[in-house]
Amino acid sequence: MTERIEHHPVLPEPPAADDANFTFNGESYVGRTGEPVAAALLAAGVRELRTSPVAGEPRGLYCGIGHCYECRLWLGPDEETAERVRGCQAPISDGDTYRSTRGCDS
Ligand code: FES
């Protein structure tokens, strides 16, 4: 089941896009190539993207425009080379591997 808005009464239809298979915290998801990973996860019902550094509280999409950094994630298959990205800005590609930032690694 998806929570994606497929038809909006005011906005135009989004352009067609190929599926992009990606993982988040080891789980497999399918999004649309080029859409922000946070949008694809939200459409899949995932609201927690990371935890806060001090209290370990869940954090998720907040501003959605790249300003607040509440959506920061790791992109890359291994910890040595992964780069930190903002989930609301990072376009997904087929095969991407994301994981949450946790506590002080965020
Ligand atoms: S949700 Fe604010 S920077 Fe991504």
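Biologist: Which helix gives the largest share of the lining of the largest pocket?

Modeller: Helix α1 (residues 37–43) does, with four residues. This is a predicted model: local features need pLDDT of at least 70, side-chain atom pairs count only at pLDDT 80 or more, and totals for chains, interfaces and linings use all residues. Residues are numbered from 1 along each chain as its sequence is written, and side-chain values use heavy atoms, with hydrogens and water left out.

Biologist: What makes a space a pocket, and how much space lies in the largest pocket?

Modeller: On a 1 Å grid over the protein atoms alone, a pocket is an open set of points with protein on both sides within 12 Å along at least five of seven lines. The largest pocket holds about 480 Å³. It is lined by 21 residues, and lining means having an atom within 4 Å of a point. Nearest its centre lie Arg4, Ile5, Arg32, Glu35 and Ala39. By class, the lining has 13 nonpolar, three polar and five charged residues.

Biologist: Why is the contact of Arg4 with Glu35 called a salt bridge?

Modeller: A side-chain nitrogen of Lys or Arg must lie within 4 Å of a carboxyl oxygen of Asp or Glu. In Arg4 and Glu35 the closest N and O atoms are 2.8 Å apart, so the pair qualifies. It links distant parts of the chain: Arg4 sits in the segment before β1, Glu35 in the loop between β2 (27–32) and α1, 31 residues apart. The structure holds seven salt bridges.

Biologist: How do you know whether Arg4 and Glu35 are buried or exposed?

Modeller: Buried means under 20% relative accessible area, exposed over 50%, and partly exposed in between, with a 1.4 Å probe and protein chains only. Arg4 is at 19%, so it counts as buried. Glu35 is at 12%, so it is buried too.

Biologist: What makes Arg50, Glu57, Arg59 and Glu70 one network?

Modeller: Start with Glu70. Glu70 forms a salt bridge with Arg50, closest N and O atoms 3.0 Å apart. The two are 20 residues apart: Glu70 in the loop between β4 (58–59) and β5 (72–75), Arg50 in strand β3 (residues 50–51). Arg50 is buried, at 2%. Glu70 also meets Arg59 in a salt bridge, at 3.3 Å from N to O. Arg59 lies in strand β4, so this pair ties together parts eleven residues apart in sequence. Arg59, at 26%, is partly exposed. Salt bridges that share partners join the four residues into one network.

Biologist: Which polar contact does the side chain of Asp96 make with another side chain?

Modeller: One with the side chain of Tyr98, at 3.1 Å. A polar contact is a pair of N or O atoms within 3.5 Å, one able to donate a hydrogen and the other to accept it; neighbours in sequence count only if both atoms are side-chain atoms. The Asp96 side chain also reaches the backbone nitrogen of Ser93 at 2.9 Å.

Biologist: What is the phi of Asn25?

Modeller: It is near 50°, a positive value in a residue other than glycine. Most residues other than glycine have a negative phi. Asn25 is found in the loop between β1 and β2.

Conventions: 1 Å grid on protein atoms, 1.4 Å probe; cavity = no way out; pocket = protein on both sides within 12 Å on 5 of 7 lines; lining within 4 Å. Points joined across faces, edges and corners; volume = space filled by probe spheres on them. Nonpolar A, V, L, I, M, F, W, Y, C, P; charged D, E, K, R; others polar.
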